[in-house]
Structure formats: structure tokens, C-alpha cells
Amino acid sequence: MIRLEAGGWQAVLLPEQGACFASLRCDGQDVLAPVPAGVLPVGSQAGAFLMLPWCNRLGDGLLRWDGGEHHFPINDLRGHNAIHGLGRDQPWALLRHDAASLRLEQRMEEPDQPYRYHAVLDVALTEAGLRLGLAITNTAGAAMPFGTGWHPWFARRPGTRVRFRARHLVRTDARGLPAATEEVAEVSGGEEVWLGQDRHYAGWDGGLDLDLGGMGLRLAGEGRWAGNLQFYAPNAPQVLCLEPVSHATDLPNRAFLVPYGDMDWLPPGGRMEGGVSLTLR
């Protein structure tokens, strides 16, 4: 457990448990829904976790790329998908730590799957808020499709409102997999607009205003996290997931989605970066 603090912001991260956020607070209020003590898997419905080397769902656990195909274990039993990548299930090693920031790394060299990578995570708190950056390098001997993202579970309170702009909405089927696209312009409003949805937005302009029942926040995606947004608003628990990601869901298996957010096809030694800032408005 590592605690960070700056100004009115406090965070607790768990490097050994996928580098997830166990909590994030500002001026004594929860920004993220805190992870209850003893809950496993950590970050599955609270806090925040990283998605790598792909984001969200792979239908039937299938990854197709130029060098072949691979079936990952199914960990979304309802939809029969592999979900949220590999990084959240593995420990991260501490490289640097001070009162308000840290740097972690994760090396993936598992023999039973095709991904090999080196990921570096930087987390910093300032008086303005949170800044997070992730860089991932392909250490395999062949080109591979990579994707990354951040999955926060915001503490949804009465009066919560969201506003952002995007060009396309990707509608999903009963399994949570992309089925069709349509044009949009702006998503704005409270629960009456978005409660119950699990949708992907492409052509996101990288900015988002969030009001958590009286706490106004500005979320801004950076690098490869500035163009696509996954929006998950379950009826229960009382959380709201606004996820900056680098690509559309199940992209390797759905060629029609390439214009709406392709993965990064990294050659050996290739690198991609994404980041996010979260500040008070």
C-alpha cells in the first residue's frame, strides 16, 4: 500500500494488486468509490485500474493478429469474453516514490500467451489534482496489436452530471460487444440521460466535465487516451465509469471499427503512451 498526498488530494495505490487505486479523495470527499478492505479481485467494482495490453472486451477471448490467433481465458462469464487485459492481475514493481508521486513498472513474459511488454506507470498528485501516464513497449519478437486505458469507478452521488463531446456512439449487443455505430455530438445531463448504459464513444475530443453531486471535476485524456471513451453507468453499485482508452472494444475481431479507434500495431521495440489528468473545476 502506497499513500500519496498533495494539497487537498490523497490517494492510496496497491502495486502488488495490479497497481490499482484503492481510494482517491479530495478535500475529504471520495472521488473514486473506495475499495472495501479484503475485497478481491481488487479494483473490480471500486477504485481504479489499468487496462493493458488491450482495453475492455475480446469476444470469446479471441485475439487475431497477423501472426496468428490466441484464446485468452474467459473472465467475463456473462458475455463469454476476456475482459480488461492482463495488467490488472499482475504485480507492479516500485521504481521511485516520494510523498506525492510514484513510478512503477510491469514486465510481462508469460510463456502461455503472445504478449511480451514492458510498461511504466507514473502517478502524481499536485494541488491541482491527479496526473497519470502509462507507456508500454512491445518486447516480443514480432509486431502485436496493443491498447491501453484507465478504468476509474467514480463515486456517483445524487445530482451527478456528465458533459462531453464525441463524433460517434458504438452501440453494443447483449454480450457488451460492438454491433453498430451512429453519429452523436454531445452527451450532457444526469442519470436520466445515461444510467444503465455501457457504450463506447469514438471521436471524443479528449475533455469531460463531471459533477459528482457538488464536486466539479475536469477529466482530460492525453496522448493515445484522448480520442476514445468507454462510458459505463450501472444501476448498482453507485458508481460511474468514464474510461479514457486507446481503441474500440473487440477491435481485433471487428474490422468495421478500425475508423473508430484502431489498436496500435507496435513492431518489436515499438512504444505507445497515454495519460489522463483529473482536476477540480
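Guide: Strands β8 (68-71) and β9 each give at least two residues to the lining of the second largest pocket. This is a predicted model, where local features need pLDDT of at least 70, side-chain atom pairs count only at pLDDT 80 or more, and totals for chains, interfaces and linings use all residues. Residues are numbered from 1 along each chain as its sequence is written, and side-chain values use heavy atoms, without hydrogens and water. A strand is a DSSP run (E, at least two residues), numbered from the N terminus.

A pocket here is an open set of points on a 1 Å grid where a 1.4 Å probe fits, with protein on both sides within 12 Å along at least five of seven lines; lining residues have an atom within 4 Å of a point. By class, this lining holds seven nonpolar, six polar and three charged residues. Asp, Glu, Lys and Arg count as charged; Ala, Val, Leu, Ile, Met, Phe, Trp, Tyr, Cys and Pro as nonpolar; the others, Gly among them, as polar.

Now the largest pocket. About 650 Å³ of space lies there. Its lining has 32 residues. Nearest its centre are R57, R78, I83, D198 and Y232. Strand β9 (81-83) turns up again, supplying at least two lining residues here. So do β21 (198-202) and β24 (228-232), each with at least two. The lining of the largest pocket splits into nine nonpolar, 14 polar and nine charged residues.

Key: Grid points are joined across faces, edges and corners, and a volume is the space filled by probe spheres set on the points. Helices (H or I, at least four residues) and strands (E, at least two) are DSSP runs, numbered from the N terminus.
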